[in-house]
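Have the viewer open and follow along.

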Amino acid sequence: LSYSFCTLLEKKGFCHMDNERENLASMATIGYGTDLPTSEHALVVNSDTTSSDGGGTRRRKKKGVKLAEYRPPAWYTEKHKTFYESKLKAIIMQRDVHLKSARYYEQLDFYIIGPSILLSAITGILSFLSTSSQVSSSLQSTFGLVVGCIASFTTLLQSVSGSCQFGVKCEAHRTAAEEYDKVITRMRFELEMPNEENFTDTLEQDVLSIQTKCKYFPPDHVAREYRESLSRVNNAADPYY
């Protein structure tokens, strides 16, 4: 209505249309109206395009929002990316080494603890029978001898388990694998969207901390598989590991 009224006044000579267009444009800019045209062709407000044809019919067109393309920081170079990718492969292999080591020591611990538990249960049953009045004296003596032998063998297994510390080694390697998995997650985020300029120093500290906490070496066959896999990936032995 305001636009039509101003057009009528311009025809009668009471006002100039250019000044009214400027006023309407300022009103549209501060939010009094987003449907008011400021020119004979188009007005862009809040990403909306209002077009007008010769017949006075106005059509609105939505403009699509175009997201800016992500650009890495200025300090992030191709050398950083190459280094992170190579270390990511090595750390993934280190995690696999600790996982295999944990499974290996877990099996060894089970081979000792499992029979020890079973023999302890058998010893309890035979001890009860050796003192029961329902069993003859000769069998009681036999049960007593068997209980003594089994108890001695059980003690031997428990001593071997305590000296070899298979359970402790299994837990240490499993904890190291979990810590390496966290480092791998951080490295993948840093490769996609780098935002830590000192990430190399942080990575070095994390790896050294994990190696300090896990003071047990992996078994020889697991370490040999790791070196062979690393050689196939890098076509040479890794000087860092």
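## Salt bridges

D96 pairs up with R95 in a salt bridge, with their closest N and O atoms 3.5 Å apart. A salt bridge here is a side-chain nitrogen of Lys or Arg within 4 Å of a carboxyl oxygen of Asp or Glu. D96 counts as partly exposed because its relative accessibility is 31%, and R95 counts as buried at 18%. The cut-offs are under 20% relative accessible area for buried, over 50% for exposed, and partly exposed in between, with a 1.4 Å probe and protein chains only. Before going further: this is a predicted model, where local features need pLDDT of at least 70 and side-chain atom pairs count only at pLDDT 80 or more, while totals for chains, interfaces and linings use all residues. Residues are numbered from 1 along each chain as its sequence is written, and side-chain values use heavy atoms, with hydrogens and water left out.

Searching the whole structure turns up eight salt bridges. Another one joins R174 to E106, and there the closest N and O atoms are 3.4 Å apart. That pair ties together distant parts of the chain, since R174 is in helix α5 and E106 in helix α3, 68 residues apart. Both ends are partly exposed: R174 has a relative accessible area of 27%, and E106 comes in at 42%. Then there's E179 with K182, whose closest N and O atoms are 4.0 Å apart. These two sit about one helical turn from each other because they are three residues apart in helix α5. E179 is partly exposed at 26%, whereas K182 counts as exposed at 53%. Salt bridges with shared partners also join R95, D96 and D181 into one network.

## A lysine without a partner

Which side chain of opposite charge is nearest to K169? That would be D220, but D220 is 11 Å away, so K169 is buried with no salt bridge. For this tally Lys and Arg are positive and Asp and Glu negative, with His and the chain ends not counted. K169 lies in helix α5, which covers residues 166-192. Leaving out residues up to four places away in sequence, K169 touches Y105, C164 and Y216; contact means heavy atoms within 4.5 Å.

Skipping residues up to four places away in sequence, the contacts of H173 include H98, S101, A102 and Y105, along with C214, Y216, F217 and P218.

In the loop between α4 (137-164) and α5 you'll find Q165. Most residues other than glycine have a negative phi. Q165 is not a glycine, yet its phi is positive, at about 55°. Q165 counts as partly exposed, with 32% relative accessibility. Over in helix α4 is A151, partly exposed at 31%. A151 and G124 are 27 residues apart in sequence, and their C-alpha atoms are 9.6 Å apart in space.

## The largest pocket

How many residues line the largest pocket? There are 15, and Q94, H98, Q211, F217 and P218 lie nearest its centre. A pocket is an open set of points on a 1 Å grid over the protein atoms alone where a 1.4 Å probe fits, with protein on both sides within 12 Å along at least five of seven lines; lining residues have an atom within 4 Å of a point. The volume of the largest pocket is about 350 Å³, meaning the space filled by probe spheres set on the points, which are joined across faces, edges and corners.

Helices α3 (78-130), α6 (199-213) and α7 (220-234) each give at least two residues to the lining of the largest pocket. By type, that lining splits into 10 nonpolar, three polar and two charged residues. Nonpolar covers Ala, Val, Leu, Ile, Met, Phe, Trp, Tyr, Cys and Pro; charged covers Asp, Glu, Lys and Arg; the others, Gly among them, are polar.

## The whole fold

The protein has seven helices and three strands, in the order α-α-β-β-β-α-α-α-α-α from the N terminus. Both come from DSSP runs numbered from the N terminus: helices are H or I with at least four residues, strands are E with at least two. Of the 241 residues, 29% count as buried. Among contacts with a separation of 6 or more, 61% are between residues 24 or more positions apart.
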